[in-house]
Amino acid sequence: MRSLRIGFLLGMRQIQRASLWTNILIVFVMALTFLNLIAVSGVLVGLITGAERAVRAESLGDIIITERDDQNNILETESIIRQIKTYPEIETYAVRYIGAGRLEANYKERRDLSGERDIAQVTVTGIDPIQEDTMSHLSDNMLEGEYLDPNEEGYILIGYYYLQEASDKFGDIFDSLSNIKPGVTVRMTVGDISKEFIVKGIVQSKVDEVSLNTYITEKEFRRLFGRIDRNADRITIRVADNVSEDSVKATLIESGLGQYAKIQTFEEGKPKFITDIKNTMNLLGTFIGSIGIIVASITIFIIIFINALSRRSQIGILKGIGIERKAIEIAYVLQAAFYALAGSACGALLTYGFLLGYFERNPIKFPFSDGILVAPPDETFLRFLVLFAVTLIAGFLPAWMIVRQNTLNSILGRK
Amino acid sequence: MSIINATNIHRRFGEGELEAHILKGIDFSAEAGEFVAIMGKSGAGKSTLMYQLSVLDDPSEGEIIIDNVDVLKLSEHERTRFRLNTLGYIFQNYALVPDLTAEENVFLPLLMRGRDWKEAKEIARAMIDEVGLNDKYTNLPAELSGGEQQRVSVARAMAGKPKILFADEPTANLDSVHSAQIIDLITEFNKKLNQTIVMVTHEREYAMGCDRIIHMEDGVIIDIEKLR
Ligand SMILES: Nc1ncnc2c1ncn2[C@@H]1O[C@H](COP(=O)(O)OP(=O)(O)O)[C@@H](O)[C@H]1O
Ligand SMILES: [Mg+2]
């Protein structure tokens, strides 16, 4: 207790007497360390969180209804939709029919019938254009051309990744078609049935489920795929603000819809790799941050070491007149604590006062995601605690090394 | 029983060929309330003897009993406690803590002794008043002259009313006017508090107020002069 008071007095006065610029510099280094620790993993995780958000907004929604594992489609689709419409907690929904087809382009111009045909195996999604747009705002993703009109027939939207130019850019990962632009005629073949469509528009999004897709109206889908029972493959639901998707899911299950289909929240239904990558990024960020911690602890060690070494004779005198070692050590540990606290406070202020909002407004544009900064306060606090503890040790060690030296030698400046 | 009782003190530095035998079997004792001066040429071993007596160094040989405590048997922590509670120090180079103000320098040992903040501050200010620096409580050492710094250092040594005060050439860096002030202060405290004082000095003039002068040469005591 006595030692604490004296340590406090000594430590505080040393900080006070240190030059302002020295203090600013040290706090700056600590703030950078804090940012390194929080922001690096925050951006890495935010990259994935940005992608996750987009998938939720443009594709999967908050609740996903799919076929039961023992079925091919969602049973009783129409009565499910009738039910869904009655829930005020559900803001909107979209019904999708999903199938696979063979899309062929440039077949009319082909002269050499034995030459290679321009074909791509594609995903086909049948939608109600208006209903779909309320849910996923698909019409916002038009790269070229126009969105589907529910009153027209024979039109198709093609995802950007099926275009030759995309595969030129990203490498030839998917089948692609050349010379696709609005107005061009393509032929869709499903089993024995073929139908011609005019390309109405090209859709592009950072969400693969949109860019790697083709869209036609549900009426034409049902005809093409022979789905007379009107049972869909996926119903995605957007819940109203301030409504928990878990509770909506529970209500849906309670009302017996579970017997017709599988009902999952976004968290349950999202692809598992998203979680995996997120964890990997977090680990990577932590690793990079740890290097920052090591650098910071060495910095603090050197600062306190020089600080204590230059006060060696003073330390000797203090011990000589009867001040306990503990008190002197506390003085230096407190200095380290002060720098860690001040630096972290600056870093936290910057993170929560500025960076989070900034990246929310100006996401980092990556090809596959609009990255934001993710810094959950509890995790930030945990990392701060680690930084703080490491700093205390880095401050204590040099103080201990110098304070334990022989008192008289310290006073006299002897070796 | 004397308050300081040191017998057969030897201090050697180094080993083998390089060994230097600095104190060669010194017997020293001081009575409670006695003011003892140690004189001798530079290099005679006065400071070295001081460090042994004031529990800052360990003799190579010998026994030291202070205030009935066999100080050489104490642990490091106990010695620190002992120095805090029983001994006071005035060093040649003032040895103030540069980061602390005059009054903080004085009340630091009082805090260590467990006084509360307010009380320690009051005592410190009273002591600073006594050494004549009542307008310099919050000056940093760097803002004080040498003489003033040494007076703060006297105040620090006396604030805890230690039984024994050790002063190693307290006036060596001061001009004659300030030197006389410091010696007067020390003498005054000796009378007032009946403190035991051991002081090393070069100037015979400053030793004249003492009870006894011990003359040293080359690590041995060559003469003891009794003044009163
Ligand atoms: N740590 C040490 N190692 C070697 N020699 C020392 C050491 N300390 C003091 N001495 C030597 O002891 C002698 C006496 O020193 P000191 O006690 O300081 O003399 P004084 O105070 O009488 O001038 C000097 O010759 C000095 O060089
Ligand atoms: Mg000397």
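Which helix of chain B lies across E6 and strand E7 (164-168) of chain B? In this predicted model, that element is helix H2 (residues 76-86) of chain B, which runs at about 80 degrees to E6(B). Helix H5 (residues 146-159) of chain B also packs on the sheet, where it touches E6 and E7 of chain B, and the direction of helix H5 makes about 175 degrees with that of E6(B).

The sheet in question is an open one of six strands in chain B, arranged in the order E6-E7-E8-E3-E9-E10 with mixed pairing. Because strand E6 (87-90) and strand E10 (220-226) of chain B each have a single partner strand, they stand at the edges, and one side of each is left without a neighbour in the sheet. On average, and with direction ignored, neighbouring strands of this sheet are turned by 20 degrees against each other. Within this arrangement, strand E3 (residues 35-40) of chain B and strand E8 (residues 196-200) of chain B run parallel and are joined by four bridges; B:Val36 has B:Val198, in E8(B), as its bridge partner.

In chain A, attention turns to a loop residue, A:Ser19, which is found between helix H1 (2-17) and helix H2 (20-60) of that chain. The relative accessibility of A:Ser19 is 37%, and A:Ser19 therefore counts as partly exposed, the range for this class lying between the limit of under 20% for buried residues and that of over 50% for exposed ones. From C-alpha to C-alpha, A:Ser19 and A:Ser167 are 60 Å apart in space, with a separation of 148 residues in sequence.

Notes:
Residues are numbered from 1 along each chain as its sequence is written. Chains are lettered from A and ligands numbered from 1 in the order in which they are written. This is a predicted model: local features need pLDDT of at least 70, side-chain atom pairs count only at pLDDT 80 or more; totals for chains, interfaces and linings use all residues. Side-chain values use heavy atoms; hydrogens and water are left out. Helices (H or I, at least four residues) and strands (E, at least two) are DSSP runs, numbered from the N terminus. Buried means under 20% relative accessible area, exposed over 50%, partly exposed in between (1.4 Å probe, protein chains only). Two strands pair if DSSP finds at least two bridges between them. Axes are lines fitted to C-alpha atoms, for helices over the stretch in contact, and angles run from 0 to 180 degrees between N-to-C directions. Contact means heavy atoms within 4.5 Å.
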